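User: Here is a model I would like to go through with you. Could you take a close look at one part of it, and then lead me from there to the rest?
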Amino acid sequence: MHIDLPSELEAALIDRSLRPWGLDGPFLAKSTMVEYRAELTAAPRFEETTSVLRRALTWEGGGYAVLRLGNLAKALGAEDGRFLRLATAFAAEVAVPFSPFPRWPLWKDIGVKVDKDPGKSSGIGYNAFHMDLVNGSLPPDYTTLLCVRPDPLGGGPSILSDAHAAVARLPENIRALLTESAYHYGTFFDLNGVGEEYKPFPILDRSEPGEGFVRFTAKMLERSQLSLAHADAARELAEELVRGQVSFMLQPGDYLIVNQRRFLHGREALHSGQEAVPVADRRMLLQLFLRARAGTGPAA
Ligand SMILES: O=C(O)CCC(=O)C(=O)O
Ligand SMILES: [Fe+2]
């Protein structure tokens, strides 16, 4: 779902300047969250907008939202600190922002690298359905992507799919294979706030149907050694995710927030010809992860 900011809220936010944030280890400092909230609750319709956002992310059948911050990005500059602090303040209304990567700032750049594995983050090809940090025992509850610049050649729509709905459409024998600890993907090195390495893992855990993570990345189909039966089951899930997908192009200033307990995400290929686009003009997203606050329940 796409959520526009009321114009009176936009006007108030453009006039307000939040102070730089502090960190407490990998997490946004509590004092920053308290300060940002105190600054913004006074802005007209801020609380109403953030409650619409939280509902979009957690209602039954929901699980992702695009908060349209394009007018703020235009007024302040999409890479300006003031704009990023406002985006951080909205994120903190959903859950606690954190950086799993000790060597990265809170917001991690995802640019375009023509030499990288095309199917991975910042590659130019099809980025298949996945959850971020899939091989941590506690993946981020939310992954968020702030669009600074879309592909100037017009490619790279985002894709989203309701993971539990896809699982529910699979036959019982396939679901049984997905509950086996037979899957693995990627390396796990020097990460904060996402638990321990989980290897091998089951795609479906023992939560009630519709709850918990669907711990999946379609990238494992090409990059991990799986048994034939488990690879087939994973492929069926990947196909079902594609069958149920929605896709849309992120516009400058669009802020995509995905509840990783509900939806998986990915991205269609960028348009061909990226080599000819100057690096400074290529697609650019900023990524931030969120941890749900204790007491808001597994789905919130
Ligand atoms: O480029 C995109 O739109 C998605 C990137 C992504 O999902 C990731 O880097 O984890
Ligand atoms: Fe991702």
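Which residues of helix 5 are buried?

Analyst: Happy to. This is a predicted model, in which local features need pLDDT of at least 70 and side-chain atom pairs count only at pLDDT 80 or more, while totals for chains, interfaces and linings use all residues. Residues are numbered from 1 along each chain as its sequence is written, and chains are lettered from A and ligands numbered from 1 in the order in which they are written.

The buried residues of helix 5 are Phe83, Leu84, Leu86, Ala87, Thr88, Ala89, Phe90, Ala91, Ala92 and Val94. Buried here stands for 20 or more other C-beta atoms within 10 Å of a residue's own, exposed for 12 or fewer, and partly exposed for anything in between, with C-beta atoms placed from the backbone. Since 10 of the 14 residues of helix 5 are buried, the rest of the structure largely encloses this helix. From its first C-alpha to its last, helix 5 reaches 20 Å, close to the 20 Å expected at 1.5 Å a residue; the expected span is 1.5 Å times one less than the number of residues.

Ala233, Ala234, Leu237, Ala238, Glu240 and Leu241 are buried in helix 9. They lie on the same side of helix 9 because they cover an arc of only 165 degrees around the axis, the arc being that of the directions from the helix axis to the C-beta atoms. An α-helix has 3.6 residues a turn, so residues three or four places apart point the same way. Leu228 and Arg243, on the other side of helix 9, are exposed.

Four strands form an open, antiparallel sheet in the order 7-12-9-10, where two strands pair if DSSP finds at least two bridges between them. Strand 7 (127-130) and strand 10 (246-248) are the edges, each pairing on one side only. From one strand to the next the twist averages 15 degrees (axes are lines fitted to C-alpha atoms, and angles run from 0 to 180 degrees between N-to-C directions). Strand 9 (residues 158-162) is mostly covered, with 4 of its 5 residues buried. Strand 9 is joined to strand 12 by 5 bridges, and Asp162 stands opposite Phe263 there. Towards strand 10, strand 9 pairs over 3 antiparallel bridges, with Ile159 opposite Ser247. Strand 7 meets strand 12 (residues 263-267) through 2 bridges, and Asn127 stands opposite Arg267.

That last pair leads to the ligand. Asn127 and Arg267 both belong to the surroundings of ligand 1, together with Ile110, Ser121, Asp132, Leu145, Ser158, His265 and Leu285; a residue counts as near when its C-beta atom, placed from the backbone, lies within 6 Å. By class the shell holds 3 nonpolar, 4 polar and 2 charged residues (Ala, Val, Leu, Ile, Met, Phe, Trp, Tyr, Cys and Pro are nonpolar, Asp, Glu, Lys and Arg charged, the others, Gly among them, polar).

Most residues other than glycine have a negative phi, and most peptide bonds are trans. Ser122, in the loop between strand 6 (108-110) and strand 7, has a positive phi near 70 degrees, and with 19 C-beta neighbours inside 10 Å it counts as partly exposed. Asp190 also has a positive phi, about 55 degrees, although it is not a glycine; with 8 such neighbours, Asp190 counts as exposed. Asp190 lies in the loop between helix 7 and helix 8. Pro200 is placed between helix 7 (172-178) and helix 8 (220-223) as well, and a cis peptide bond with omega about -5 degrees joins Lys199 to Pro200.

Thr49, in helix 3 (residues 46-58), is buried, with 20 other C-beta atoms within 10 Å. Trp59, in the loop between helix 3 and strand 4 (64-68), is exposed, with 12. Trp59 and Glu211 are 152 residues apart in sequence and 12 Å apart in space, C-alpha to C-alpha.
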